[in-house]
Amino acid sequence: MKKPALLTKGDTITIVAPAGIIKNKQSILDAVDLAKQWGYEVVIGEHVFENFHHFSATDEHRLKDLQIALDNPKIKAIWCARGGYGTVRIVDDLDFSTFLKKPKWIIGYSDITVLHNHIHNLGVETLHAMMPVNTEFSKEERKLSEQTFLKAISGETLTYTIPSATYNQKGTASGQLVGGNLTILENLLGTKSSISTSGKILFFEEIGEYKYHIDRLLQGLKRNGYFDNCVGVIVGGMSHIKKNSPAYGQTIEELILEVVSKKNIPIIFDFPAGHDPENRALILGRNITMQVDTTTSTIAFE
C-alpha cells in the first residue's frame, strides 16, 4: 500500500463536505482554529456551507470541492467535515489519477467509509479518525481523538492497549486493517468500491440502528464471504442502539459472535473508534498485529 506523505508544520489541510448537510457552521470554524493551533494551514472548500436538501451542497459542487482537493499539489490532507449520507453519489465521478501520483491523507469516518474502501482498492492508505464536526464534543472528551489523529498524520507509532471485553475471542493475528462503518460496508457490496477481506483484519462500527438491522447487515457481509478468510475482527463503537419491539433477545456481542465466532479468529469488542467522543485514529490499509488476552487487548501498527 502507498503511504501518503506525513504532515509537517506549515502544511495545508483542506476541509470538504462530500456527504451530509453542515448543521453547525461554528463546528467547522472551530476545527479550522484547532488545525491552526496544531501548526497547519487550512482551506475550506468553496461549497461546504451551501446546504442543498439533505446534503452539504449539490452532487456537482460536492464533487468539485473534493476533486480540487485531490488535484491541488499544495494540499497535503483532505479532512472530511462530517459523514451522514452522500459520498456514494459522487465517488464514481472522481478522477484519482493525479492523487495516485502523489497520495495525500483522506481523513474521516462514517459515510467517508465509501472513500476509505474505494481508495483502498486503488492501493493507498487512508485515515479513519475524528472529523471537524467532532469539535462539538468537549476538549476533554475528544482528547485522545486529537492526540491519535496527530500521531497518525505525523508518523508517530500507534499502539493501543485497552481492557479486554467479556465477549472477546482470544488469539493473535497480523494483517492489513480494513473496514469502516457497517452500513456502508454492506452498501458497497457488488461495486468496485467493495473490498476483499481475505488475510486482513476487519474493523467495523455503527450508530443508531436496531439490532435486527445490524444482524441483517452482518448476514449480508457473511453471505458475500467477508468473514470466510479474514484473520481477525475489531468491533468499534456500536452507539445509540435503538430498542426492538419485541425485544431482539440477544446482545450486540452475541449476534456478532453468531456470525463470526466459528471462524476461530481473535475478536476485540468495544474498541474506542466510531461515533463516540473518543474516536482513536486507525490507519486503514496499514499492517497491524492484534493480540487478545484475558485482561488486555493490543493493536500495534507497523
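Mentor: Before we start, a residue is called buried under 20% relative accessible area, exposed over 50%, and partly exposed in between, with a 1.4 Å probe and protein chains only. The model is predicted, so local features need pLDDT of at least 70 and side-chain atom pairs count only at pLDDT 80 or more, whereas totals for chains, interfaces and linings use all residues. Residues are numbered from 1 along each chain as its sequence is written, and side-chain values use heavy atoms, with hydrogens and water left out.

Trainee: Is Thr-157 buried or exposed?

Mentor: Thr-157 lies in the loop between α5 (143-154) and β6 (159-163), where helices (H or I, at least four residues) and strands (E, at least two) are DSSP runs numbered from the N terminus. Because its relative accessibility is 62%, Thr-157 counts as exposed.

Trainee: What distance separates the C-alpha atoms of Thr-157 and Phe-301?

Mentor: Along the chain, Thr-157 and Phe-301 are 144 residues apart.

Trainee: Which residue just after α5 takes a positive phi?

Mentor: Helix α5 has twelve residues and reaches 17 Å from its first C-alpha to its last, close to the 16 Å expected at 1.5 Å a residue, the expected span being 1.5 Å times one less than the number of residues. Its buried residues are Ser-145, Glu-146, Thr-148, Phe-149, Ala-152 and Ile-153, and their cover includes α1, β3 (75-80), β4 (105-108), β5, β6 and β11. Just after this helix, a positive phi of about 90 degrees is taken by Gly-155.

Trainee: Why is the protein chain said to be as compact as a globular protein of that length?

Mentor: The chain has eight helices and 13 strands. Its radius of gyration, taken over C-alpha atoms, is judged against a globule rule of 2.2 Å times the number of residues to the power 0.38. For 302 residues that rule gives 19 Å, so the chain is as compact as a globular protein of that length because its own radius of gyration is close to this, at 18 Å.

Trainee: What percentage of the 302 residues of the protein chain count as buried?

Mentor: Along its principal axes, the C-alpha trace spans about 50 × 40 × 40 Å. Contacts are heavy atoms within 4.5 Å, and residues 24 or more positions apart account for 79% of those with a separation of 6 or more. Of the 302 residues, the share that counts as buried is 56%.

Trainee: What is the relative accessibility of His-128?

Mentor: His-128 is found in strand β5 (residues 126-128). Leaving aside neighbours within four places in sequence, its contacts include Gly-108, Tyr-109, His-116, Phe-203, Glu-205, Asn-279 and Arg-280. His-128 counts as buried, because its relative accessibility is 0%.

Trainee: Is Gln-169 buried or exposed?

Mentor: Gln-169 lies in the loop between β6 and β7 (171-181), and, not counting residues up to four places away in sequence, it touches Leu-257, Ser-261, Asn-264, Ile-265, Pro-266, Ile-267 and Val-292. Its C-alpha atom is separated by 29 Å from that of Ser-193, which is 24 residues away along the chain. Because its relative accessibility is 18%, Gln-169 counts as buried.

Trainee: Which elements do the buried residues of α7 pack against?

Mentor: Helix α7 (residues 211-223) has 13 residues and reaches 18 Å from its first C-alpha to its last, close to the 18 Å expected. In this helix, His-213, Ile-214, Asp-215, Leu-217, Leu-218, Gly-220 and Leu-221 are buried, and Gly-225, with a positive phi near 80 degrees, follows the helix. The elements that the buried residues pack against are α6 (182-187), β8 (201-207), β9 (232-239) and α8 (252-260).

Trainee: Which residues does a cis peptide bond join?

Mentor: Most residues other than glycine have a negative phi, and most peptide bonds are trans. In the loop between β9 and α8, His-240 has a positive phi of about 50 degrees although it is not a glycine. Pro-246 is also found in the loop between β9 and α8, and the cis peptide bond, with omega about 5 degrees, joins Ser-245 and Pro-246.

Trainee: How many Å apart in space are Ile-21 and Glu-140?

Mentor: Ile-21 is found in the loop between β1 (12-16) and α1 (25-37). Beyond neighbours within four places in sequence, Ile-21 is in contact with Asn-51, His-53, His-54, Phe-55, Ser-56 and Arg-82. Ile-21 and Glu-140 are 119 residues apart in sequence, and their C-alpha to C-alpha distance is 26 Å.
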